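Q: Hi! I'm new to this one, could you walk me through a few spots?
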Amino acid sequence: MLNRRLSGVLLHPTSLPNAYGIGDLGNSAYRFVDFLNESDQGVWQILPLGPTGAGNSPYLAYSALAGNPLLISVDILFGDGLITQEDLDNLSNAFASHSPTHIDYDLVIQTKYPILRKAFNAFQEREKDEYAKEFVDFCQTHKDWLENYSLYMALKDYYQDKPWFQWDEDIAKRKPEAIKTWQEKLAEEILFHQFLQFSFFRQWCNLKDYANERGISIFGDIPIYVAHDSVDVWANQSIFCLDEETGEAASMAGVPPDYFSATGQLWGNPVYNWQKLKETKFAWWIKRIKGMLEYVDVMRIDHFRGFEAYWAVPQGETTAMSGEWKEAPGDEFFAVLKQELGTLPIVAEDLGVITPEVEALRDKYGFPGMKVLHFAFDSDRDNPFLPYNYQNNCVVYTGTHDNDTTIGWFEKRSHEDKQKVIDYLGAVCDRGIHWSMIQLALSSVANWAIFPLQDLLGLGSDAKMNTPGTIENNWTWRFPEGALNLDVTGHFRYLTYLYGRKNN
């Protein structure tokens, strides 16, 4: 799959249009797959699908394996007979005067969760039928993560969203008696969260099947670290570097100071206790990747360099300056992974300061790396992001979800720096710098070429998905109805054919 010459689009489902304040897995998702199919694309890349917490970042989810209930389509719930037309009207009315290109997460949570709960109540009251049997089968099949997750979320609600390490000690430490007591006490809420996961994955799997039937692969994303306040850490405390007394992160993840940040980036996630993971033959990681492969066709591992060596910052630090590099057993891990699951469709996010050792680990297992054209024009001729330095086994982007849009990026460059880009391109085409850069990526030898939808639509900085190092106004962008018109579809299809990337 990864050695075929293909192209595709990066778009998180939250960015899809509808009348309900946030993109979901309903009609507009199927129309987006139709757009990909009509423009001869082979790949739909998404961000992590997990349930998001504070800041709404897909990279800080409450679970590495659960789905985000906010993505559940209310239209599909209506079709299943679980909610009414009045419910749909009330939800759409709540967003009637709201911007169609911006997500107000607080309002979405406030208005959508009551409807999800109403669907759950209706589900409980209906006769036991094939739908109910599906639910029972789902809960049984996914018992190994679903039981912990649903209890965790019910406890989060009970403790008014406090992180697990601020709960009562017995349940924070997962003492068996406490687990049993809370399972009985919160049985109804646990069932509600199980229903949400059933609804999410039922809708997601149907959508994925629809895409796969049209030859479109789903390209997912695994953050290397998980959120401190997550079921993953709460249920697996021994495999993370935690303070045994408080549950706080004893050693935090991040990256050291560099050209872009004088104090580095302190992410705050607890780093892994790799020794404990080795003792279990990396069982938690194997289960995580196996679970992901049920729902995506290809996966990108975010911050791949952390498998070779990771930056560890001591507890109590407020910046990443005082950290140190520690070796990680990446080679041993990927060897076990290959032995357990075979050769996997993994792409390595190898951006940033990458050492020869990281490159050697990536290449030993044949993982494609990433090339970003926005990074190509500001150093010398050896710049690895310049297309003439590529090998086939890579994925090229104009930019990623962490970059500005191509138009925003270009407009912010000085006259001299703009000229460097134009000189390389030869000229900017009549359709603008965004299409010129898309053509450059499509024409490269990279096996895959992926573009944020913002670049296909020629949008500026106000359509940027995320600004790393900030917590405000991220993950909120949506595209409006009608944006994927015949002109965009036709031109994208033509360029895809021109550069030999047509998805047959």
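Predicted model: local features only at pLDDT ≥ 70, side-chain atom pairs only at ≥ 80, totals over all residues.
Q: Great. Where does Gly 53 lie?
A: Gly 53 is in the loop between β2 (43-45) and α2 (74-79). Helices (H or I, at least four residues) and strands (E, at least two) are DSSP runs, numbered from the N terminus.
Q: Is Gly 53 buried or exposed?
A: Gly 53 is buried, because its relative accessibility is 11% (buried means under 20% relative accessible area, exposed over 50%, partly exposed in between, with a 1.4 Å probe and protein chains only).
Q: And which residues does Gly 53 touch?
A: Leaving out residues up to four places away in sequence, Gly 53 touches Leu 60 and Tyr 62; contact means heavy atoms within 4.5 Å.
Q: New topic: what volume does the second largest pocket have?
A: The second largest pocket has a volume of about 380 Å³. Of the 19 residues lining this pocket, Thr 52, Tyr 62, Ile 109, Tyr 113 and Met 153 are the closest to its centre.
Q: What counts as a pocket, and how is a volume defined?
A: On a 1 Å grid over the protein atoms alone, a pocket is an open set of points with protein on both sides within 12 Å along at least five of seven lines, and lining residues have an atom within 4 Å of a point. Grid points are joined across faces, edges and corners, and the volume is the space filled by probe spheres set on the points.
Q: Which element gives the most to the lining of the second largest pocket?
A: That is α6, with 4 residues.
Q: Last one: how many bridges join β10 to β11?
A: There are 4 bridges between strand β10 (residues 369-372) and β11, which run parallel. Two strands pair if DSSP finds at least two bridges between them. In β11, Tyr 397 is the bridge partner of Val 372.
Q: And what about β11 and β12?
A: β11 pairs with strand β12 (residues 448-452) in the parallel sense over 3 bridges, and Val 396 stands opposite Ala 449 in β12.

Notes
Residues numbered from 1 in each chain as written. Heavy atoms only, no water. 1 Å grid on protein atoms, 1.4 Å probe; cavity = no way out; pocket = protein on both sides within 12 Å on 5 of 7 lines; lining within 4 Å.
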